[in-house]
Amino acid sequence: MNAPEHPTPFDAAALDAADTLAPLRDLFDLPADVIYLDGNSLGPLPRATAERVAQLVRGEWGEGLIRSWNTAGWFALPGRLGDAIAPLIGAGAGQVLACDTTSINLYKVLAAFVGQRSAGRTRIVSERSNFPTDLYIAQGLCQQHGMTLHLVEHADDIPAAVGADVAVLMLTHVNYRDGRMHDMVALTAAAHAAGAFAIWDLAHSAGAVPVDLLGAGADAAVGCGYKYLNGGPGAPAFVWVHPKHLGPGTTLAQPLQGWWGHAAPFAFVPQYQPGAGIERFQCGTQPVLALAALGCGLDTLHAAQPLGGMAALRAKSLALTDAFIAAAQPICAAHGLRVATPLAHALRGSQVSLAWDAAAQPRPGAGYAVVQALIARGVIGDFRKGDARMADILRFGFAPLYLRFADVAQAAQALAEVLHTREWDQPQFLQQGAVT
Ligand SMILES: Cc1ncc(COP(=O)(O)O)c(C=O)c1O
């Protein structure tokens, strides 16, 4: 059974013709038969990456050998790439490091600020719907320090949960499941008013929405290199700490005191002494090949600078998600689905999530199967399992660097067809893989 042509409620050709960021799509090697709506999970391959990594392997490693730590600037890469990330997140030069993973960086900053808490502050506050690794890291720290992790059920209740016994408010700026974005300024201020520190996970923000860490007065932030920063699978993450915490005489200490974070790593002295600034948040030797690939990913964002930078990317991201929501709403209404992402721009990141509440689902596993059926048609989104509070989520990321309004129209048409014909209801789409 064929679905009727789904009328697109926007003029994709006109919007694409007027899109000043459109040339940036050429910076990526995107398969011709794919509409890629999963850059919020793994960014696509920048055209420059393969050659840059090959050149590093053959030239810098193969020919330069160990000399390249100095001659090719390998040792300086975490700071140099950190400086490339800084303007995307409202941080200053010399304040950000590209290193380790988001989980590890979160452990480092969370432990550092827990170490600064005053007596009686025994709680870390976060949201139940935060990304699980953030909660697991906080749970481990709480066990180590005899503290408790307090999980707020609804975003609106966060300010009231930050009381005089709270050491750290730890939040993810844009929620991984429903794409809801927090007010970083207001929540950081609420944390500070209660005497707590504010730590932000920018995994779904960096490179997708403008962020102003210094303007918000946040205390620390971490984020992913492999999502909107297009650094490749397992790319190094980043870490930022407000410079007010890293001045002379600071006692801010992170627990993974490796030699790269030492004030003089090549003095090889037995006693640890932390580096002066953000350097102290380094641990050990970093993956140079992966850092080089991350550099290529960051170049794709910096290519947007002359075209309006993050403000222009944000405007296009909102136009893309607006277009998809407008196209998806009637389809959802016909099939008992709902748009789970907030409609208000101020509350929306760069993704659109659709949800089936358990009662409305045509059969268990339908959400996963719809995503699989779309992937089989070349429309790649992903699926996130729900819980008692939030239904299963069909996630579609809209990265403004390379997506076209024509892609949005085609994705909506595919969604309409997959649902209308029940194409998803086949055994091969209901079979779950290890990674969703
Ligand atoms: C909010 C958030 N934090 C952290 C991570 C992942 O952390 P890691 O790169 O350490 O696995 C993700 C991955 O999707 C995420 O969505």
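Mentor: Buried means under 20% relative accessible area, with a 1.4 Å probe and protein chains only. This is a predicted model: local features need pLDDT of at least 70, side-chain atom pairs count only at pLDDT 80 or more, and totals for chains, interfaces and linings use all residues. Residues are numbered from 1 along each chain as its sequence is written, and side-chain values use heavy atoms, leaving out hydrogens and water.
Trainee: Which residues touch the most other members of the largest nonpolar core?
Mentor: Ile 89 and Phe 324, out of 103 residues. Helix α11 (residues 309–335) gives the most to this core, eleven residues. Helices here are DSSP runs of H or I, at least four residues, and strands are runs of E, at least two, numbered from the N terminus.
Trainee: Why does this core lie between domain 1 and domain 2?
Mentor: Because domain 1 (12–47 + 308–430) and domain 2 (75–302) both give residues to it. Those bounds come from an automatic or database domain assignment.
Trainee: New topic. Is strand β10 buried or exposed?
Mentor: Six of the six residues of β10 (residues 351–356) are buried, so the strand is largely enclosed by the rest of the structure.
Trainee: Which strand pairs with β10 over six bridges?
Mentor: β13 (residues 392–397), in the antiparallel sense. Pairing takes at least two bridges found by DSSP. Trp 356 has Asp 392 in β13 as its bridge partner.

Technical notes: Buried < 20%, exposed > 50% of the residue type's maximum accessible area, 1.4 Å probe, protein only. Core = buried A, V, L, I, M, F, W, Y, C linked by side-chain atoms within 4.5 Å.
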